[in-house]
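Have the coordinates open and follow along.

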Amino acid sequence: MDLGAQQELTGAEALVKILEEKGVEVLFGYPGGANLPIFDALIGSKVQPVLSRHEQGSIHMAEGYARVKHAPGVVLATSGPGATNLVTGLADALLDSIPIVALTGQIPRENIGTDAFQEVDCFNITMPVTKHNELIRNNSELVLALETAFYVANTGRKGPCLIDFPVDLLAAKFPFDFDERPNLPGYKPTTKGNIGQIKKAIKAIKNAERPIVLIGGGIVLSRAIPELLEFVRKSQLPVVRTLLGTGVIPVDDPLYIGMIGTHGNQLANDIVQKEADLIVAIGTKLGNRSTVAKGMFAQNAKLIHLDIDPAEIGKIQKVDIPIVGDVKETLQIINERIDEKPIREDVVAWKKGKKIEHMLPTSDNAEVLEVVLKALSQMDQKLHVTTDVGRHQMWANHYCTNPKHLPLITSAGLGTMGFGLPAAIGAWFADRGTTVVNVSGDGSFMMNMQEFLVAVEHQIPIVVMIINDQRLSMIRELQNMKYGERHTVHDLGKSMDYIKFAESMGGTGYEVHHQEMIFPIINKAIASRKPCIIDFDIAKIANSAHLKALGS
Amino acid sequence: MRERHIISLEVEDKPGVLSRISTLFSRRGFNVDSLTVGHTHIPGISRFTIVVRGDGEVLEQIRKQSQKLIQVLTATDLDPAQSVMREFAIVKLAHSTKDEKGNEEAKAINEIVDFYGGRMLDSGHGQLIVEFSGSEKKIEKVFEQLQSYKVLESIRTGKLGMKIG
């Protein structure tokens with residue numbers, strides 16, 4: 001029976017109804033006293049609740065989901081510790097512009113401000129790590145708050161929004177008006193780039209002698225890969241990228257140079273720092289890991305900067321031609337106006353004479369990572385690949401090159417260890433036909449390894465590849481470089497048995513300790529379509545490779 | 001150059017908006033000299049006048065980052081030459097009542113109040129409460145003049161600013 005726009009429901013029922021209307025398929029969450037009415041209302045609804053084992057796991061799942069689905073990932077936590085456990089994920093989503101709608105239960109309104117059990121000031125704690133947040137004080141605000149959260153999270157520069165719901169309000173009945181729509185006079189993202197600025201940019205490209213394109217995660221977020229490729233084909237500009245600009249242009253494209261930044265390629269860095277006379281930066285915040293240090297970037301180049309967020313333009317680098325707009329829409333306009341250039345044979349020839357050197361942490365058998373990741377890239381099927389944070393991440397960023405596995409799902413801005421496993425689980429929920437792979441390190445894996453149980457529970461075809469060097473290699477590398485090789489707190493020991501861990505949770509564990517096992521085991525684990533963990537014993541593999549080399 | 005700038009923010013008067021703005025300014029390391037907020041003639045709209053220090057680039061960031069907040073409707077940089085600015089102050093002073101000199105003291109304070117266009121708000125028990133309003137320079141001058149007397153308490157608002165024309 002249709003009751004029209006206005007319906008008498010509990011707050012929790014109204015919330016679930018809106019989630020259904022928004023097409024939300026899964027909600028990643030963890031229950032508690034203050035959010036149980038929502039889980040209760042989810043029984044029998046179209047929205048599937050996915051129980052994580054820690055709220056941080058829930059929100060990284062929602063992030064992985066959002067990256068694959070190109071729609072907001074929804075996460076639900078309870079008050080107090082539930083809410084504070086979301087903070088890392090919110091910050092991660094804010095820095096990498098991932099659309100998230102986070103819902104938290106709050107203690108009853110009459111107790112707010114009394115330091116009641118499981119009370120924290122969620123609204124103020126999450127304010128600096130969200131694009132927008134609200135504490136609902138009356139049921140009449142619920143529809144508008146949720147509509148606002150979904151709209152704001154997934155428009156303009158995407159990001160996380162959080163709504164805090166006092167539990168008494170979730171349980172109380174109210175005549176909701178579901179036709180209400182927010183009026184947001186202070187939120188009007190510019191999507192179409194200014195035509196005058198676009199003309200200036202096109203002219204500057206035409207007049208430049210050594211122009212290049214720098215691409216960032218904005219291309220992926222705005223789903224502008226075809227437009228970017230058309231722009232590159234027409235303009236024939238060589239391309240460099242940031243960490244999140246992964247998977248936009250194939251690495252074997254004649255115009256592709258490499259990645260910039262502290263762990264980029266020497267050649268790509270030389271170009272953006274010194275050689276180019278014009279840089280067309282698209283969908284990037286020109287963060288400090290990319291531009292390295294003040295005064296290093298664009299020393300001889302004019303800068304055109306196209307981004308959806310006006311505050312990013314001019315924040316780090318002085319810009320000559322700013323263009324505020326959605327990357328996709330604006331590139332469409334540029335593509336209509338730009339002249340087609342003949343194929344740049346000179347770039348290919350020029351690249352041939354150069355060594356594209358990856359700037360990677362290389363100590364302690366790091367070469368094994370290259371072999372492992374190249375083996376993964378040989379897998380011919382479509383995969384969603386996530387990484388964690390550390391040495392393996394930087395190597396994966398260079399050696400995971402199979403276009404069917406990209407864009408890589410990685411925590412760039414915040415560098416959140418423990419991101420990869422839950423993000424891979426979330427990615428699978430967004431695309432259940434595809435196997436997911438988490439390239440991890442032993443340090444990162446241990447930060448959210450409890451979520452492996454979720455993969456087993458849902459029989460997710462996931463392969464967790466642990467690059468196991470029994471240490472925190474990035475920390476060791478830093479201590480080598482900056483602390484006079486005084487090593488401390490980097491040793492993770494050898495006591496963890498990942499095979500037994502996987503088996504104890506009902507998954508499969510593999511150990512790889514010889515070079516020749518790398519490809520077959522990865523292949524077998526992926527083919528099994530079951531939750532697997534592969535423990536790559538880096539020292540042993542290096543040793544086996546060394547022995548083999550001696551033998552031959 | 002860390003010059004002073006006056007930012008005027010027109011905001012939707014929603015719960016937490018003050019917190020949002022102060023969080024933003026503190027997180028981004030914007031130095032606030034003073035902050036004044038109050039309702040406008042439009043219901044639901046408040047106005048902040050914030051005095052900050054920083055160079056042109058910092059100012060541009062402050063404006064853009066403030067504008068990103070969903071409750072912020074407009075963020076403008078008030079040019080002092082093109083705006084009117086006012087501050088307000090209340091001062092409590094003690095004066096001696098026992099001898100001739102005490103009355104002299106009260107009289108002298110009264111003269112300062114008159115000269116600077118202030119007002120006497122309360123007097124008695126050897127104390128005076130006076131108010132002043134005007135430009136920052138004028139308020140500074142008043143405080144300088146009152147230094148030779150026994151100031152018990154004082155409070156100043158930040159700036160209120162409005163663009164001319």
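## Ground rules

This is a predicted model, so keep in mind that local features need pLDDT of at least 70, side-chain atom pairs count only at pLDDT 80 or more, and totals for chains, interfaces and linings use all residues. Residues are numbered from 1 along each chain as its sequence is written, while chains are lettered from A and ligands numbered from 1 in the order in which they are written.

## The two chains

Chain A has 24 helices and 19 strands; here helices (H or I, at least four residues) and strands (E, at least two) are DSSP runs, numbered from the N terminus. Its radius of gyration is 24 Å, close to the 24 Å that the globule rule gives for 552 residues, so chain A is as compact as a globular protein of that length. That radius is taken over C-alpha atoms, and the globule rule is 2.2 Å times the number of residues to the power 0.38. The C-alpha trace of chain A spans about 70 × 65 × 45 Å along its principal axes. Buried residues account for 54% of the 552 in chain A, where buried means 20 or more other C-beta atoms within 10 Å of a residue's own, exposed means 12 or fewer, and partly exposed is in between, with C-beta atoms placed from the backbone.

Chain B carries four helices and nine strands, and along the sequence they read β-α-β-β-α-β-β-α-β-β-α-β-β. The radius of gyration of chain B is 19 Å, well over the 15 Å from the globule rule for 165 residues, so chain B is more spread out than a compact globule. The C-alpha trace of chain B covers about 60 × 35 × 35 Å along its principal axes, and 24% of its 165 residues count as buried.

## Where they touch

How many residues of chain A are in contact with chain B? There are 14, and they meet 16 residues of chain B; a contact means that two C-beta atoms, placed from the backbone, lie within 7 Å. On the chain A side, the residues split into nine nonpolar, four polar and one charged. For that sorting, Ala, Val, Leu, Ile, Met, Phe, Trp, Tyr, Cys and Pro count as nonpolar, Asp, Glu, Lys and Arg as charged, and the others, Gly among them, as polar.

Contacts within each chain can be sorted by sequence separation too. In chain A, 76% of the contacts between residues at least 6 apart join residues at least 24 apart. For chain B, residues 24 or more positions apart make up 71% of the contacts with a separation of 6 or more.

## Two helix pairs

Start with helix 16 (residues 367-377) and helix 17 (residues 391-399) of chain A: they pack at about 45 degrees, with axes 9 Å apart. Axes are lines fitted to C-alpha atoms, for helices over the stretch in contact, and angles run from 0 to 180 degrees between N-to-C directions. That angle makes helix 16 of chain A oblique to helix 17 of chain A; under 35 degrees counts as roughly parallel, over 145 as roughly antiparallel, 65 to 115 as roughly perpendicular and the rest as oblique. The crossing of these two helices is right-handed, a label for a near helix turned clockwise from the far one by less than a right angle, with anticlockwise being left-handed. Among the contact residues are Leu369(A) and Leu373(A) from helix 16 and Trp395(A) and Tyr399(A) from helix 17.

Helix 11 (residues 225-235) and helix 14 (residues 327-337) of chain A pack at about 30 degrees, with axes 9 Å apart. These two are therefore roughly parallel to each other, and their crossing is left-handed. The residues of this contact divide into four nonpolar, two polar and four charged.

## Residues to click on

Met394(A) sits in helix 17 of chain A and is buried, with 25 C-beta neighbours inside 10 Å. Leaving out neighbours within four places in sequence, Met394(A) contacts His263(A), Leu360(A) and Pro361(A). Further along, the peptide bond from Leu406(A) to Pro407(A) is cis, with omega near 0 degrees, and Pro407(A) lies in the loop between helix 17 and helix 18 of chain A. In helix 18 (residues 420-430), 11 of the 11 residues are buried, so this helix is largely enclosed by the rest of the structure.

Buried or partly exposed: which is Ser97(A)? Ser97(A) is buried, with 24 other C-beta atoms within 10 Å, and its phi is near 55 degrees, a positive value in a residue other than glycine. Gln236(A) has a positive phi, near 60 degrees, but is partly exposed, with 17 other C-beta atoms within 10 Å.
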